[in-house]
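Here is my notebook for today.

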Amino acid sequence: MTNAKKELLAIADSCVKCGICAPHCPTYTHTQNENESPRGRIALIQAWAGGNLNVTNNLLDHIDNCLLCRACEKACPAVVPYAKLIDDFRAEMHNEKAAPLSVKLLKTISENKRVQRWAKSSLKLYQKNNLQKTARFLHLPTLFGLGEIERLVPNYQESQPLQNYYPALNEVKGDVGLFVGCMGELLDSETVNAAISVLKHIGFNVYLPETQTCCGALALHEGDASTARSLAKQNNTAFANENLQAIITIASGCGSTLKDYAPNVVDISHFISQFEFNLKPLVANICVHSPCTLKNVLKTDKSVLKLLKQIPEANISSLPETQQCCGAAGSYSLRHDKMAQTLLNKLLETSLEKPTDYLVSSNIGCALHIAAGLRERGKDLTIIHPIVLLAKQLVN
Ligand code: SF4
Ligand code: SF4
């Protein structure tokens, strides 16, 4: 037996098959199929690693259908490292199944800065002169196998190139690194700029090492372990500055991956929730969506509420604790549009139950997926990162 199989077996054997995780699992909730539950998937991997099950498309599909939302891991009394089991199994199976074109494109963009710059200018061109509207009308993205990724594309945001360093505006409290990730500069410069301005305002010198790169989550969850390792190495070198008090992340998906290999990784809302702000009042209903990575992995979802409650006159609520994954899950929605839509429907139903002006989310992947769902349903509801909302209300 190979070492990889031995390691998989050791993890799988730590599951006592109690089934406590099952009701927390979105794929089990919606299929009622044991093979689509955490316990079922563990048993499948256990059988394969023990030599009792061959690799079949069915086996690969059941493992592939997992969102890696890690709700099961949070609920598990035996602390089974479920995500590691799935990532390691997918690494063993890498290349067994070809990824769709949209996933390959997303992965290429995420791993290469030059391609990101090209993608940003292409996006600008695509949204000019009604090109996007025409392409959508003619269903061209779908014809070319890119419909699922195209629906996620937000409006182009004009932005200045980022600097490597931004000095504190007020009495200096220390130095922090800001991890912008592969999508921050490309699709969410509003959040990047808000994070820089709030951190400077508090009194932090903000470092954005130019050589930082994608956190590696996409590669890792696709089973491309060697790319994930090399991206991790590059980020560790980029942020190797012992003066940094923390490496701040603005997308919980990135934070949850980065924290496995870099020191002092903190989600921005958690980091700044220890400070008090002088904020303008905002008469609005604000509903907080907690991404799975913030709730189940970083476990700092309550800090977003604590932070936003500082905004005078704002009515802050959150989606119920029982709310499951929205279906975005990295590249998941590109591969599994049906399950992604089922989960999105459920989330939007709950979010739209009461009057809401802002839906707040701390992860760009979730925000893009939810925003696409709102657009497709003709709903006029702003989805926004908590730090952007806070920065808008900041009294200088
Ligand atoms: S809760 Fe943990 S131990 Fe119980 S079945 Fe699920 S993964 Fe296994
Ligand atoms: S990670 Fe999420 S989708 Fe996958 S088995 Fe666990 S609860 Fe289910």
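At what angle do helix α13 and helix α23 pack, and how far apart are their axes? I looked it up: α13 (residues 189–202) and α23 (residues 386–393) pack at an angle of about 55°, with their axes 8 Å apart. That angle makes α13 oblique to α23.

Before going on, I noted that this is a predicted model, where local features need pLDDT of at least 70, side-chain atom pairs count only at pLDDT 80 or more, and totals for chains, interfaces and linings use all residues. Residues are numbered from 1 along each chain as its sequence is written, and chains are lettered from A and ligands numbered from 1 in the order in which they are written.

Helices (H or I, at least four residues) and strands (E, at least two) are DSSP runs, numbered from the N terminus. Axes are lines fitted to C-alpha atoms, for helices over the stretch in contact, and angles run from 0 to 180 degrees between N-to-C directions. Under 35 degrees counts as roughly parallel, over 145 as roughly antiparallel, 65 to 115 as roughly perpendicular and the rest as oblique.

**Entry: α13 and α23**

I found that α13 passes α23 in a left-handed crossing (the near helix is turned anticlockwise from the far one by less than a right angle; clockwise would be right-handed). Glu190, Thr191, Ala194, Ala195, Ser197 and Val198 of α13 meet Ile387, Val388, Leu390 and Ala391 of α23, contact meaning C-beta atoms, placed from the backbone, within 7 Å. Sorted by class, I get seven nonpolar, two polar and one charged residues in this contact. Here Ala, Val, Leu, Ile, Met, Phe, Trp, Tyr, Cys and Pro count as nonpolar, Asp, Glu, Lys and Arg as charged, and the others, Gly among them, as polar.

**Entry: α19 and α23**

Next I checked helix α19 (residues 301–308), which packs with α23 at an angle of about 15°, their axes 11 Å apart. The two are therefore roughly parallel to each other. Their crossing is left-handed. Val304, Leu307 and Leu308 of α19 touch Pro386, Leu389 and Leu390 of α23. This contact has six nonpolar, no polar and no charged residues.

**Entry: α3 and α4**

Which way does α3 pass α4, left-handed or right-handed? I found a left-handed crossing. Arg41, Leu44 and Trp48 of α3 make the contact with Leu59, His62 and Ile63 of α4.

Definitions and conventions:
Contact = placed C-beta atoms within 7 Å.
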